Amino acid sequence: MKKLFSLLLSWLICVLSTLSVHAEEVPVSAAAYVLYCPDNGKILLSENADQQLPMASTTKIMTTLLTLEEAAVDNRVVEFTDEMAAEGSSMYLKKGEKVTLYDLAVGMMMQSGNDAANAAAITIAGSAQAFADLMNEKAAVIGMKHTRFVTPSGLDDQQHYSTAYDMALLMAYAMQNEDFAFITSQTSMEVRFIYPADKFITYPNHNKLLRMYKDCIGGKTGFTDQAGRCLVTAARRDDLTLIAVTLNDRSDWGDHTELYEEGFSRYKAMTVDTDRDSIGVVGGEADSVSLNTEEIRVVVPADAEDVSTQVYLPVFLYAPIAEDTCVGKVVCTADGEVLSQAPIKTAQAVDQDHQKRSLFTYIKDLLYWHS
């Protein structure tokens with residue numbers, strides 16, 4: 001009897017502990033999800049983050065990004081042709097109509113236009129297949145290690161897939177593009193056609209979270225029978241930016257809201273003053289290099305108290321130095337525990353001055369041999 005009571009007690013403790021663990025989790029119905037913080041590059045919450053799955057029209061985040069990068073150089077006028085037509089969601093372009101590359105980006109992000117995606121791809125690369133190569137090259141630059149793009153629109157293909165984590169990296173990268181960040185934040189946008197000149201259409205944004213959740217600053221929806229409901233969004237509160245990704249999720253709007261509320265309740269952003277805006281340079285065409293220290297933010301637990309920061313920077317650097325080179329870091333600690341850290345990077349490049357470098361090398365060698 002005593003042994004039976006002991007077994008029952010152990011079982012009860014086990015059940016209660018399990019319930020307490022699940023009570024702290026966020027119930028998400030997605031096959032895979034990620035809550036990602038681009039401010040510190042960390043995953044805050046996730047499940048099956050690296051599972052390769054179809055991502056439907058969230059693909060158009062990449063297509064739109066490449067289209068806007070091209071439009072920033074040459075915002076060409078695109079005449080819609082039969083080969084650009086596509087099934088599924090559309091911005092309703094007709095043969096012979098003309099719009100700019102920028103407006104195709106608007107059609108992709110607002111209306112999820114497959115026709116717009118095809119038109120942009122063919123205009124930029126000559127074919128959808130060639131454009132997919134550009135998409136995969138960009139994915140490699142971003143660090144999307146488990147992604148393969150085949151179509152510019154995201155229509156189902158067995159070889160077209162990504163992961164929740166990779167899509168979070170893509171959204172974080174895309175949000176650094178000012179045109180992308182602006183378009184994705186709009187609840188609707190108007191496109192004025194080049195031809196016919198009197199035609200204009202206002203397209204509503206399919207991303208309902210912009211209207212449902214006040215902190216949402218953008219995102220892209222997606223759906224196919226194979227992929228299910230897919231959603232990638234970004235939200236910002238009190239200078240803290242978060243990105244949520246759900247793949248194959250029947251309750252995506254509610255799940256994104258829950259993920260954001262959990263993330264914002266757990267973490268906060270802090271701006272750090274390094275008291276250094278430059279570092280001396282030895283052997284360079286300039287004697288110092290400026291640092292990007294104006295808005296260095298670290299992310300720490302919301303309940304963290306007595307947070308202290310340490311700045312780690314060398315006394316000087318050796319030329320040559322490339323722009324955006326990490327030369328130091330800011331580390332936040334509390335009670336001896338490291339909470340977060342952020343890199344300190346150079347604001348510009350400094351080329352090597354060969355005459356100065358030769359003199360410096362000579363003096364260094366001379367001191368060495370006489371030490």
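For the classes used below, Ala, Val, Leu, Ile, Met, Phe, Trp, Tyr, Cys and Pro count as nonpolar, Asp, Glu, Lys and Arg as charged, and the others, Gly among them, as polar. The structure is a predicted model, in which local features need pLDDT of at least 70, side-chain atom pairs count only at pLDDT 80 or more, and totals for chains, interfaces and linings use all residues. Residues are numbered from 1 along each chain as its sequence is written, and side-chain values use heavy atoms, with hydrogens and water left out.

Rolling a probe the size of a water molecule over the atoms shows where empty space is left. Here a 1 Å grid over the protein atoms alone was used: a cavity is a set of points where a 1.4 Å probe fits but cannot get out, a pocket is an open set with protein on both sides within 12 Å along at least five of seven lines, and lining residues have an atom within 4 Å of a point. Grid points are joined across faces, edges and corners, and a volume is the space filled by probe spheres set on the points.

One cavity of 30 Å³ or more is present, and the largest cavity has a volume of about 30 Å³. Its lining consists of P54, M55, A56, G154, L155, D156, D157, H160 and Q226. By class, four of these lining residues are nonpolar, three are polar and two are charged.

The largest pocket contains about 1100 Å³ of space. Of the 28 residues that line the largest pocket, P38, D39, Q176, E295 and R297 lie nearest its centre. Two or more lining residues come from each of α6 (164–174), β8, β9 (240–247), β13 (296–301) and β17 (337–346); helices (H or I, at least four residues) and strands (E, at least two) are DSSP runs, numbered from the N terminus. Strand β17 gives the largest share, four residues. The lining of the largest pocket comprises 14 nonpolar, six polar and eight charged residues. Helix α6 is itself largely enclosed by the rest of the structure, because nine of its 11 residues are buried, where buried means under 20% relative accessible area, exposed over 50%, and partly exposed in between (1.4 Å probe, protein chains only). Among the buried residues of α6 are D166, M167 and L170.

The volume of the second largest pocket is about 210 Å³. Its lining residues include S112, T221, G222, F223, R229 and C230, and at least two are supplied by each of β7, β8 and α9 (252–266). The largest share, three residues, belongs to β7. In this lining, three residues are nonpolar, six polar and three charged.

Strand β7 (residues 216–224) is mostly covered, with eight of its nine residues buried. Antiparallel to β7 runs β8 (residues 228–237), and eight bridges join the two strands; strands pair if DSSP finds at least two bridges between them. Together β7 and β8 form a hairpin, with three residues between them. Within this pairing, G222 has C230 of β8 as its bridge partner. C230 counts as buried because its relative accessibility is 1%, and C216, at 8%, likewise counts as buried. The structure holds zero disulfides, a disulfide being a pair of cysteine sulfur atoms within 2.5 Å.

Helix α3 (residues 101–111) is also mostly covered, as 10 of its 11 residues are buried. Just after α3, S112 adopts a positive phi of about 55°, and S112 is one of the residues lining the second largest pocket.
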